[in-house]
Amino acid sequence: MRKKPDAKALLSETIDGKLLCEAKKMKISEVRVKMVSNKDDRLKAFCSITMDNEFVVRDIKVIEGTNGYFVAMPSRKMSDHCEKCGGKNHLRARYCNNCGTALQENRARKDFKGRMKLHADIAHPINSNCRRRIQEKVISAFKEELEKSKQPDYKPVEMDEPDDDIPEIVS
Ligand SMILES: [Zn+2]
């Protein structure tokens with residue numbers, strides 16, 4: 001008779017109070033890094049990650065914060081509609097793009113620190129364990145690419161660049 005595998009050995013971590021089997025966790029199978037050359041910019045690279053060899057998330061950003069590099073998940077600028085004409089405006093716009101009406105300032109929702117919430121994540125991890133795994137993989141791939149980029153015959157990765165707006169995230 002075959003012995004059952006030791007279930008405990010497969011259970012490595014707790015996520016939101018539930019034990020999660022190591023084999024069932026999403027694996028990041030590939031990270032692609034496109035360096036951003038502007039030296040003064042806090043935005044250092046655009047990345048894409050592939051999960052389990054079958055799902056890709058693009059437009060991830062590596063940003064240099066005051067405490068080192070951090071990863072910003074893809075996000076979009078939020079907008080709202082002008083009360084007068086219904087035109088769509090970025091939350092920071094002071095006048096309607098369409099009719100020129102003065103818009104109410106500070107109309108964006110505030111985050112817990114009282115800062116205007118101007119961006120919304122498009123894709124993001126829902127627990128800190130996953131966030132940490134993505135962060136580690138992406139930063140380490142970024143550092144490898146950074147070393148490679150110092151070589152004279154370096155060829156940058158082909159990747160089209162999304163907007164280079166840095167979301168208002170704490171590092
Ligand atoms: Zn308007």
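**An antiparallel sheet, its helix and its core**

Thr-50 stands opposite Val-56 in β5. Helices (H or I, at least four residues) and strands (E, at least two) are DSSP runs, numbered from the N terminus. The model is predicted: local features need pLDDT of at least 70, side-chain atom pairs count only at pLDDT 80 or more, and totals for chains, interfaces and linings use all residues. Residues are numbered from 1 along each chain as its sequence is written.

The sheet is open and has four strands, in the order β3-β4-β5-β6, with antiparallel pairing. Two strands pair if DSSP finds at least two bridges between them. β3 (28–35) and β6 are the edge strands, each pairing on one side only. From one strand to the next, the twist averages 30 degrees. Helix α2 packs on this sheet and touches β3, β4, β5 and β6. The direction of α2 makes about 45 degrees with that of β3. Axes are lines fitted to C-alpha atoms, for helices over the stretch in contact, and angles run from 0 to 180 degrees between N-to-C directions. Strands of a sheet pair through backbone hydrogen bonds, either parallel or antiparallel.

Seven bridges pair β4 with β5 in the antiparallel sense. In this pairing, Leu-43 has Ile-63 of β5 as its bridge partner. The two strands form a hairpin with three residues between them. In the turn, Asp-52 has a positive phi of about 50 degrees. β5 also runs antiparallel to β6, joined by five bridges. Ile-63 has Phe-70 as its bridge partner in β6. The hairpin from β5 to β6 passes through two residues.

The largest nonpolar core has 12 residues: Val-33, Ala-45, Phe-46, Cys-47, Ile-49, Ile-60, Val-62, Val-71, Ala-72, Ile-134, Val-138 and Phe-142. Such a core is a set of buried Ala, Val, Leu, Ile, Met, Phe, Trp, Tyr and Cys residues joined through C-beta atoms within 7 Å. Two or more residues come from each of β4 (43–51), β5 (55–65), β6 (68–72) and α2 (128–148). β4 gives the most, with four residues. Leaving aside neighbours within four places in sequence, Val-33 is in contact (C-beta atoms, placed from the backbone, within 7 Å) with Ala-45, Cys-47, Ala-141, Phe-142, Glu-145 and Val-157.

Burial was assigned from C-beta atoms placed from the backbone: a residue is buried if 20 or more others lie within 10 Å of its own, exposed if 12 or fewer, and partly exposed in between. Ser-75, in strand β7 (residues 75–77), counts as buried because it has 23 C-beta neighbours inside 10 Å. Ser-75 and Lys-61 are 14 residues apart in sequence, and their C-alpha atoms are 9.8 Å apart. Glu-83 is found in the loop between β8 (79–81) and β9 (88–90). With 11 C-beta neighbours inside 10 Å, Glu-83 therefore counts as exposed. Its C-alpha atom is separated by 9.9 Å from that of Gln-104, 21 residues apart along the chain.

Most residues other than glycine have a negative phi. Asp-59, in strand β5, has a positive phi near 65 degrees. Asp-59 is partly exposed because 19 other C-beta atoms lie within 10 Å. Asn-106 also is not a glycine, yet has a positive phi of about 50 degrees. Asn-106 lies in the loop between β9 and β10 (119–121). Asn-106 has 8 other C-beta atoms within 10 Å, so this residue is exposed.

Technical notes
Two residues are in contact if their C-beta atoms, placed from the backbone, lie within 7 Å.
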